[in-house]
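I opened this notebook to record what I looked up in one structure. The entries follow the order in which I took up each topic.

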Amino acid sequence: MKTFAWPQGVRCAVFLSVHFDAESYDLKSTTEDRLFGRFSYGRYGVRAGLPRLLAMLQRRTLAATVFVTADDARRHEAEVRALAEAGHEIASRGADLRPLPELREGERASLAAAHETLATIAGRPPVGFRAAGGELSSGTLATLAGLGYRYDSSFQDADHPYVFAPTPGARIAELPTVQALDDAPLYSARHTMARLDKVWREEFDALHAEGCLVPMTVHLRGDMGSTRAARIAVLDDLLAYMASKPGVRFVTCAQLAEMTLAQDLPGEPDPCAAHQATLAVTPYRGDLSIKPI
Amino acid sequence: MSAARTLLPKDMRCAVTLGVDFDGPSHEVGRGIAPIGTHSWGRYSARCGVPRHMDMLGKHGVPCTFFVPGYDAECHPETIQAIHANGFEVAAHGYLHEAWDLKAQEETELLHRTDHILRELTGEPVLGWRSPSGRKTPNTMHVLKSLGYIYDSSDKDYDLPYRLRFGPGPQDSIVELPNNTYSLDDFPFFKFSHTPPSEVLAQWKAEFDAIYASDRFLVLTVHPRSGWGSGTPARTAVLDQMIGYIKQHEGVQFFSSAGFAQWCLDHPQHLEEVSIP
């Protein structure tokens with residue numbers, strides 16, 4: 001069976017994905033009229049964080065993929081347009097950060113409307129998607145393919161990109177991420193920059209040694225994000241470290257999706273199909289997990 | 001014949017058993033969650049984690065036991081057959097990774113179902129079980145014994161193997177290989193404390209040093225999934241380096257869990273017998 005291969009001379013590819021997640025995130029916990037105080041870390045990401053990130057990326061001539069909700073894009077049209085004009089990819093994160101499974105039969109309309117909003121603001125339609133909280137419904141992949149999306153990046157189940165065929169004839173690339181290379185779990189657990197730096201270097205070294213995809217995810221936010229001055233310096237140093245290693249190519253998610261779809265890989269079937277019968281008779285136990293004492 | 005306290009013979013300087021708890025999509029499906037998006041970590045086990053672990057273990061030439069939920073074996077039969085064909089032990093680990101309490105009849109049915117699935121795939125009897133999440137009932141050991149299992153590896157109450165007596169009959173005992181899921185396991189570090197891989201290695205080395213100097217029995221567990229597991233390159237490298245470190249120590253013997261349980265059965269005079277409850 002044909003498997004994913006990097007182009008000649010490439011040992012591994014790195015993409016830098018950015019979760020815009022401004023007010024959309026704070027609004028999970030409060031209302032529009034209360035976006036201040038503890039609910040203003042999202043606004044920090046736009047006011048203080050984004051200019052800093054843009055400057056760093058420009059200095060590195062590095063194009064990032066920025067996943068934005070339609071609601072955040074509407075609130076920050078000029079910033080999203082500036083990102084697109086600076087050569088960064090604007091990708092969809094849906095309408096807001098409500099988990100897709102909660103939208104039920106409204107999911108398709110919601111994703112389609114978000115698609116139109118982002119296309120209008122960014123000046124071109126998004127080709128990629130990453131779900132809020134990584135939560136997909138059983139129909140999301142087919143819906144995305146139907147809307148013309150070239151990739152989803154919500155799974156965490158492989159070392160390399162692969163291809164889904166959610167319905168007969170439909171093909172959409174999957175660009176899987178890894179939790180260890182996401183800043184939010186570490187910073188939201190109040191870990192230090194030194195700890196994040198150590199984790200990321202060790203994870204990167206091993207992925208590079210084995211020629212795996214290096215999917216980086218950072219947030220703009222002031223709480224769990226990477227745009228504070230000290231934190232962006234850590235990210236900057238890490239990107240320099242990666243760039244210094246042999247065979248590392250930086251790509252946007254859209255470029256990686258095209259690289260993947262051009263390889264004529266077999267399309268994996270709808271990932272829900274095999275589990276539907278069991279799920280239909282299994283009660284929800286999602287709240288069941290070990291908690292520290 | 002039994003010992004007042006388990007004491008491994010002098011020439012067995014330290015016994016080591018390695019376990020890989022498969023934990024594929026069963027972990028999410030059993031909780032009623034489709035294994036997609038952020039819930040897809042279990043799909044990594046068969047695709048990447050298990051092959052990577054087998055490669056690494058094969059290079060070391062050490063035995064290992066893969067504890068497999070029955071549902072995951074149904075989802076990935078070829079992976080289970082590859083584990084067996086590569087000479088590693090396949091043992092039972094629940095059906096849907098039941099990390100919740102079961103009624104006696106349901107538990108019996110599920111233990112039988114998983115046993116049947118694994119037996120069909122490997123063509124050999126299953127010899128051991130590890131509870132998903134460590135839950136057991138007064139019924140569990142009776143069912144395992146009736147299925148011909150020789151060991152359980154779920155209890156947390158000791159540092160050494162022992163003979164667990166669960167009834168008065170001559171057949172009412174089983175070898176217990178106790179484990180510790182707070183330190184000699186990967187998920188506490190990768191799920192809760194986001195510990196850098198190199199520090200997990202240091203932690204496990206410190207555990208081994210203390211064990212090597214005292215009880216001389218190590219049960220180490222990892223998971224081949226993504227997320228909080230060790231299937232990914234940096235974390236598989238931790239286990240790789242850990243095995244290399246253990247091998248540098250004189251007199252260490254690696255066993256599969258079944259292999260070590262059989263040794264215990266063959267040397268009853270070395271094992272303490274404990275009646276529980």
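**Entry 1. The model.** I note at the outset that this is a predicted model.

**Entry 2. Helices α2 and α9 of chain A.** I looked up how helix α2 (residues 41-60) of chain A lies against helix α9 (residues 229-243) of chain A. The two pack at an angle of about 20°, and their axes are 11 Å apart. Angles under 35 degrees count as roughly parallel, so α2(A) is roughly parallel to α9(A). I recorded the crossing of α2(A) and α9(A) as right-handed. On the side of α2(A), the residues in contact are Arg52(A), Leu53(A), Met56(A), Arg59(A) and Arg60(A). They meet Ala229(A), Ile232(A), Leu235(A), Asp236(A), Leu239(A) and Ala240(A) of α9(A). By class, this contact of α2(A) with α9(A) comprises seven nonpolar and four charged residues, with no polar ones.

**Entry 3. Helices α8 and α9 of chain A.** I then turned to helix α8 (residues 193-210) of chain A, which also packs with α9(A). For this pair I found an angle of about 20° and axes 11 Å apart. The angle makes α8(A) roughly parallel to α9(A). The crossing of α8(A) and α9(A) is right-handed. Among the residues of α8(A) in this contact I listed Met193(A), Leu196(A), Trp200(A) and Phe204(A). Their counterparts in α9(A) include Val234(A), Leu235(A), Leu238(A) and Tyr241(A). I counted 10 nonpolar, no polar and five charged residues in the contact of α8(A) with α9(A). Leu235(A) is listed in the contact with α2(A) and is also listed in the contact with α8(A).

**Entry 4. Helices α8 and α9 of chain B.** At what angle do helix α8 (residues 197-212) of chain B and helix α9 (residues 233-247) of chain B pack? I found about 25°, with the axes 9 Å apart. α8(B) is therefore roughly parallel to α9(B). The crossing of α8(B) and α9(B) is right-handed. Pro197(B), Val200(B), Leu201(B), Trp204(B), Lys205(B), Phe208(B) and Asp209(B) represent α8(B) in this contact. From α9(B) I noted, among them, Ala234(B), Arg235(B), Gln241(B) and Tyr245(B). The contact of α8(B) with α9(B) has 10 nonpolar, one polar and three charged residues.

Entry 5. Most residues other than glycine have a negative phi. Thr61(A) lies in the loop between α2 and β2 (65-68) of chain A. Is Thr61(A) buried or exposed? Its relative accessible area is 73%, so Thr61(A) is exposed. Asp264(A) has its place in the loop between α10 (253-261) and α11 (276-280) of chain A. With a relative accessible area of 59%, Asp264(A) is exposed.

**Entry 6. Ser45 of chain B.** I located Ser45(B) in helix α2 (residues 43-60) of chain B. Its relative accessibility is 0%, so Ser45(B) counts as buried. Which backbone oxygen does the side chain of Ser45(B) reach? I found that of Phe22(B), at 2.9 Å. Leaving aside neighbours within four places in sequence, I listed contacts of Ser45(B) with Phe22(B), Asp23(B), Gly24(B), Val50(B), Pro51(B), Pro224(B) and Arg225(B).

Definitions and conventions. Residues numbered from 1 in each chain as written. Chains lettered and ligands numbered in written order. Predicted model: local features only at pLDDT ≥ 70, side-chain atom pairs only at ≥ 80, totals over all residues. Heavy atoms only, no water. Helix = DSSP H or I, 4+ residues; strand = E, 2+ residues; numbered from the N terminus. Buried < 20%, exposed > 50% of the residue type's maximum accessible area, 1.4 Å probe, protein only. Polar contact = N/O pair within 3.5 Å; in protein donor to acceptor, adjacent residues only side chain to side chain. Contact = heavy atoms within 4.5 Å. Axes fitted to C-alpha atoms, helices over the stretch in contact; angles between N-to-C directions. Parallel < 35°, antiparallel > 145°, perpendicular 65-115°, else oblique. Left-handed = near helix turned anticlockwise from the far one by under 90°. Nonpolar A, V, L, I, M, F, W, Y, C, P; charged D, E, K, R; others polar.
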